Protein chains: 2
Amino acid sequence: MAFQIHILGYNSALPTVNSHPTAQLINVNERLILIDCGEGTQVQLRKIKAKFSKINHVFISHLHGDHIFGLIGFISSLMLLGKTTPMHIFGPLGIKDFIENQLKHTQSHCNFDLIFYEMDFFDSRLIFEDKKVEVYNLPLDHRIYCNGFLIKEKPKLKNLKIQEVLKFPEIETCDYLNLKLGKDFKLSSGQIIPNELLTYPQEKPLSYAFCSDTRYRRELVDLIQNVDLMYHEATFGSELEEMAKKTGHSTARQAALIAREANAGQLILGHFSNRYREFNQLLNEAKEVFPNSILPKTLQEFTLERV
Amino acid sequence: MAFQIHILGYNSALPTVNSHPTAQLINVNERLILIDCGEGTQVQLRKIKAKFSKINHVFISHLHGDHIFGLIGFISSLMLLGKTTPMHIFGPLGIKDFIENQLKHTQSHCNFDLIFYEMDFFDSRLIFEDKKVEVYNLPLDHRIYCNGFLIKEKPKLKNLKIQEVLKFPEIETCDYLNLKLGKDFKLSSGQIIPNELLTYPQEKPLSYAFCSDTRYRRELVDLIQNVDLMYHEATFGSELEEMAKKTGHSTARQAALIAREANAGQLILGHFSNRYREFNQLLNEAKEVFPNSILPKTLQEFTLERV
């Protein structure tokens with residue numbers, strides 16, 4: 001079991017020598033998911049020795065350059081590397097034309113399928129699931145259509161209390177799956193054996209919320225309740241709360257308010273305005289509201305574990 | 001007087017941690033010209049502390065990703081930095097739509113003029129000139145429409161041999177410009193005073209040729225005759241000459257043949273295939289034909305000087 005978040009870049013707007021625009025690589029039980037892809041992301045992926053060929057799912061929060069300009073280069077490199085499996089790209093309406101127009105002009109011919117899932121809705125939906133993972137979009141409030149993403153482990157089957165199960169000869173092997181799925185068992189006498197008697201409590205699926213560029217948005221709280229780890233943009237300090245509102249961003253304090261109300265395990269801040277030379281002011285402001293706030297480092301890896 | 005070439009990147013195809021796709025910054029008497037703009041070029045420009053605001057002319061050889069994917073990010077950063085002067089972009093037909101479609105989807109509004117000069121011709125023309133510099137396109141032979149560029153100092157006015165000039169009272173100050181432009185002087189007697197008597201020989205304008213992705217193309221030789229410095233792609237070694245031809249590239253030996261026939265001052269090789277771990281094989285192959293061949297280093301600067 002692995003649930004890791006690799007911070008490839010967490011800066012806003014201008015890429016510089018030591019700061020990289022937004023991109024994160026998520027590993028959920030060996031399912032690799034790339035979230036956002038600012039310019040230079042493919043080089044950041046190389047630095048952490050990520051296996052390009054295993055990244056088949058990309059989620060783009062919004063079509064601002066610092067979140068998207070690296071995607072065409074990443075796709076082009078995958079072509080050169082001989083990728084054959086499909087690449088699934090989730091993003092705002094327009095992302096298909098954005099990428100395909102570049103492929104057209106560069107006369108690039110994908111030898112793998114590029115499958116786009118364009119979003120233009122304003123509610124939270126299950127936008128992707130497979131055996132390992134579920135991804136929900138989180139509607140945000142930015143200057144341009146924007147989503148965050150909630151990534152959850154797929155709930156696992158419950159484990160049987162086999163000694164208890166064996167006490168009931170009527171329960172056959174073919175009934176085990178239903179028990180693991182949480183169903184009660186009905187004896188031929190009509191007596192109900194509650195599921196909790198026959199199984200151990202289900203492990204809570206681990207979850208991570210990526211909250212990209214957004215104004216303070218209280219509605220997030222319900223969507224990410226009890227999330228184990230969350231990233232939330234914190235472009236400004238509270239002294240620039242008006243500026244944050246105007247430009248579609250949050251303050252560090254506002255990010256922390258969301259984390260506190262959502263009962264999050266930990267909060268990673270990011271997307272700091274270039275006006276800040278160092279970010280302790282932003283960190284301290286967040287910690288006053290939500291003590292388990294942290295500043296990321298570029299290429300830092302976070303591992304989610306059950307407590 | 002300055003004529004400098006800064007190698008921002010010289011690798012082909014896949015950007016990696018230590019190799020950067022093609023981009024060069026040319027400084028001709030403080031006129032800054034960017035040639036090609038692979039992903040990450042803006043960060044390379046920051047490393048050499050280039051003044052972004054002084055770059056108003058960009059020349060793109062062709063619309064393959066390793067020569068163009070950094071341009072949209074560079075333009076976006078110029079917007080954020082508050083650029084107001086026009087940006088002139090020269091490139092293949094299609095470059096305007098390539099960039100403007102990205103600006104549309106990212107909802108970016110340029111506060112400076114973005115002026116495109118789209119090329120679709122197959123002869124060499126003077127495509128740009130101002131008081132300091134002339135730029136000619138060099139038609140190349142790649143898989144996709146592609147040009148190199150010849151950058152020349154504007155010829156300077158000749159210097160007067162003032163002692164000689166003063167021997168002719170008929171020559172007035174208002175005649176000096178014509179003399180500096182190289183014209184002879186006609187006395188009222190009808191006698192012609194040849195210009196060479198009145199002026200020093202003109203300094204040869206310095207020149208630099210950028211020969212991007214191309215098959216061996218003998219026609220280049222006449223277009224860049226006596227160039228002081230040239231860059232020529234050398235994607236492969238001679239053992240892969242067939243591959244070079246097939247993929248629209250040159251071998252190091254072919255690059256050197258062009259340099260020798262053109263009587264170039266020096267040849268910089270580049271755009272090496274990722275299959276080469278080190279490039280001495282390619283360098284030696286070129287040197288056999290043209291001894292003054294060199295391998296560039298990333299961020300290396302070359303200065304042209306009159307001998």
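Guide: Gladly! Let us begin with two words: helices are DSSP runs of H or I with at least four residues, and strands are runs of E with at least two. By that rule chain A comes to 11 helices and 16 strands. Please keep in mind that this is a predicted model.

Visitor: How many residues does chain A have, and what share of them counts as buried?

Guide: Chain A has 307 residues, and 58% of them count as buried. Buried means under 20% relative accessible area. The C-alpha atoms of chain A fill a box of roughly 70 × 50 × 35 Å along the principal axes.

Visitor: How do you know that the two copies are related as by a two-fold rotation axis?

Guide: Superposing chain A on chain B takes a rotation of 180° with 0.1 Å of shift along the axis, and the RMSD is 0.1 Å. The two copies are thus related as by a two-fold rotation axis. If you want to find that axis, look for Gly40(A): of the residues of chain A, its C-alpha comes closest, at 2.9 Å.

Visitor: What makes you say that the copies meet through the same surface?

Guide: Of the interface residues of chain A, 100% are also interface residues in chain B, so the copies meet through the same surface.

Visitor: Why is Asn56(A) called buried?

Guide: Its relative accessible area is 18%, and the cut-off for buried is under 20%. Asn56(A) therefore counts as buried. You will find Asn56(A) in strand 4 of chain A, residues 55–59. Its contacts beyond four places in sequence include Leu32(A), Lys83(A) and His88(A).

Visitor: And Ser250(B), is that residue buried or exposed?

Guide: Buried: Ser250(B) has a relative accessible area of 0%, to be set against the limit of under 20%. Ser250(B) sits in the loop between helix 9 (241–247) and helix 10 (252–261) of chain B. Leaving out residues up to four places away in sequence, Ser250(B) touches Tyr216(B), His232(B) and Phe236(B), among others.

Visitor: What makes Ile127(B) count as buried?

Guide: Its relative accessibility is 17%, while buried means under 20%, so Ile127(B) counts as buried. Ile127(B) belongs to strand 7 of chain B, residues 126–129. Leaving aside neighbours within four places in sequence, its contacts include Phe59(B), Phe90(B), Phe121(B) and Phe149(B).

Visitor: Back in chain A, why are strand 7 and strand 15 said to stand at the edges?

Guide: The open sheet has 7 strands in the order 7-8-9-12-13-14-15, with mixed pairing. Strand 7 (126–129) and strand 15 (293–294) of chain A each have a single partner strand, so one side of each is left without a neighbour in the sheet.

Visitor: How do you know that strand 14 and strand 15 of chain A pair?

Guide: Two strands pair if DSSP finds at least two bridges between them. Strand 14 (residues 266–270) of chain A is joined to strand 15 by 2 bridges, and the two run parallel. There, Leu267(A) stands opposite Ser293(A) of strand 15.

Conventions: Residues numbered from 1 in each chain as written. Chains lettered and ligands numbered in written order. Predicted model: local features only at pLDDT ≥ 70, side-chain atom pairs only at ≥ 80, totals over all residues. Heavy atoms only, no water. Least-squares fit on C-alpha atoms with pLDDT ≥ 70 in both. Contact = heavy atoms within 4.5 Å. Buried < 20%, exposed > 50% of the residue type's maximum accessible area, 1.4 Å probe, protein only.
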